[in-house]
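Hello,

Here is the structure I promised to pass on to you. Please open it next to this email and follow along as you read.

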Amino acid sequence: MLARMRLRGWQRNHKSLLGHPDVVFEQERVVIFIDGCFWHGCPTCRRKLPKTNREYWERKLGRNVNLARSYNRSLRRNGWTVIRIWEHEMRTLKLREKIRTRILKALGRITSDSG
Ligand SMILES: [Zn+2]
């Protein structure tokens with residue numbers, strides 16, 4: 001995924017960080033989470049919940065969303081820039097280019113008016 005985006009300096013699955021971000025740019029203190037559209041209740045994809053155990057699934061997904069928010073808050077308090085990407089955004093080239101720009105901006109490798 002990110003390997004194809006011609007970005008340098010990242011590490012995968014940094015276990016010591018809160019929430020286990022998918023990608024970490026340690027030097028620039030930028031973390032990236034790729035959120036599964038189902039597991040994080042993506043408003044674009046609106047994946048249907050399984051018909052059985054509806055309540056269980058609603059609670060579970062709700063918990064994922066809350067956890068993600070609390071991770072964002074703690075990481076930001078500790079000086080990290082947090083980027084969250086939806087799984088579906090990785091699927092098309094156009095969206096991937098957008099993500100790449102977002103990441104480069106966060107890394108300070110491009111300024112907002114050049115992107
Ligand atoms: Zn989605």
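**What turned up**

The side chains of aspartate 35 and arginine 84 meet in a salt bridge, with N and O 2.6 Å apart. (A salt bridge here is a side-chain nitrogen of Lys or Arg within 4 Å of a carboxyl oxygen of Asp or Glu.) Aspartate 35 belongs to strand S3 and arginine 84 to strand S4, so this pair ties together parts that are 49 residues apart in sequence. Aspartate 35 is buried at 7% relative accessibility, and arginine 84 also counts as buried, at 18%. (Buried means under 20% relative accessible area, exposed over 50%, and partly exposed in between, using a 1.4 Å probe and protein chains only.)

A word on the background: this is a predicted model, in which local features need pLDDT of at least 70 and side-chain atom pairs count only at pLDDT 80 or more, while totals for chains, interfaces and linings use all residues. Residues are numbered from 1 along each chain as its sequence is written, and side-chain values use heavy atoms, with hydrogens and water left out.

**The strands**

Now look at S3, residues 30-35, where 6 of 6 residues are buried. (Strands (E, at least two residues) and helices (H or I, at least four) are DSSP runs, numbered from the N terminus.) In a regular strand the side chains alternate between the two faces of the sheet. In S3 both faces are covered: Val30, Ile32 and Ile34 are buried on one side, and Val31, Phe33 and Asp35 on the other.

Which strands pair with S3? Strand S2 (residues 23-25) runs antiparallel to S3, joined by 3 bridges, while S4 (residues 81-86) pairs with S3 in the parallel sense over 6 bridges. (Two strands pair if DSSP finds at least two bridges between them.) Phenylalanine 25 has valine 30 in S3 as its bridge partner, and isoleucine 32 is partnered by isoleucine 83 in S4. From S3 the chain crosses through helix H1 (residues 54-77) to S4, in a right-handed β-α-β crossover. (Right-handed means that, with the strands pointing away from the viewer, the path from the first strand over the helix to the second runs clockwise.)

The hairpin of S2 and S3 has 4 residues between the strands, and arginine 29 there takes a positive phi near 55 degrees.

How many salt bridges does a search of the whole structure find? There are 5. One of them joins glutamate 28 and arginine 109, whose closest N and O atoms are 2.9 Å apart. Glutamate 28 sits in the loop between S2 and S3 and arginine 109 in the segment after helix H2 (93-106), 81 residues apart. Glutamate 28 is partly exposed at 26%, as is arginine 109 at 32%.

Glutamate 55 and arginine 59 form a salt bridge too, at 4.0 Å from N to O. They are 4 residues apart in helix H1, so about one helical turn separates them.

**The zinc ion**

Finally, find the zinc ion, coordinated by Cys37 (SG), Cys42 (SG), Cys45 (SG) and His88 (ND1) at 2.0 to 2.4 Å. (Donors are N, O and S atoms within 2.8 Å of the metal, or 3.2 Å for Na, K and Ca; water is not among the atoms, so sites may look incomplete.) Along the chain, the donors follow the spacing C-x4-C-x2-C-x42-H. Why is the arrangement tetrahedral? Because the 4 donor atoms subtend angles of 104 to 119 degrees around the zinc ion. (Four donors count as tetrahedral if all angles lie between 85 and 135 degrees.) Cysteine 37 is buried, with a relative accessible area of 1%, and cysteine 42 is buried at 2%.

Enjoy exploring!

Terms used
Four donors count as tetrahedral if all angles lie between 85 and 135 degrees; four count as square planar and six as octahedral if opposite donors are over 155 degrees apart and all others between 65 and 115; anything else is irregular.
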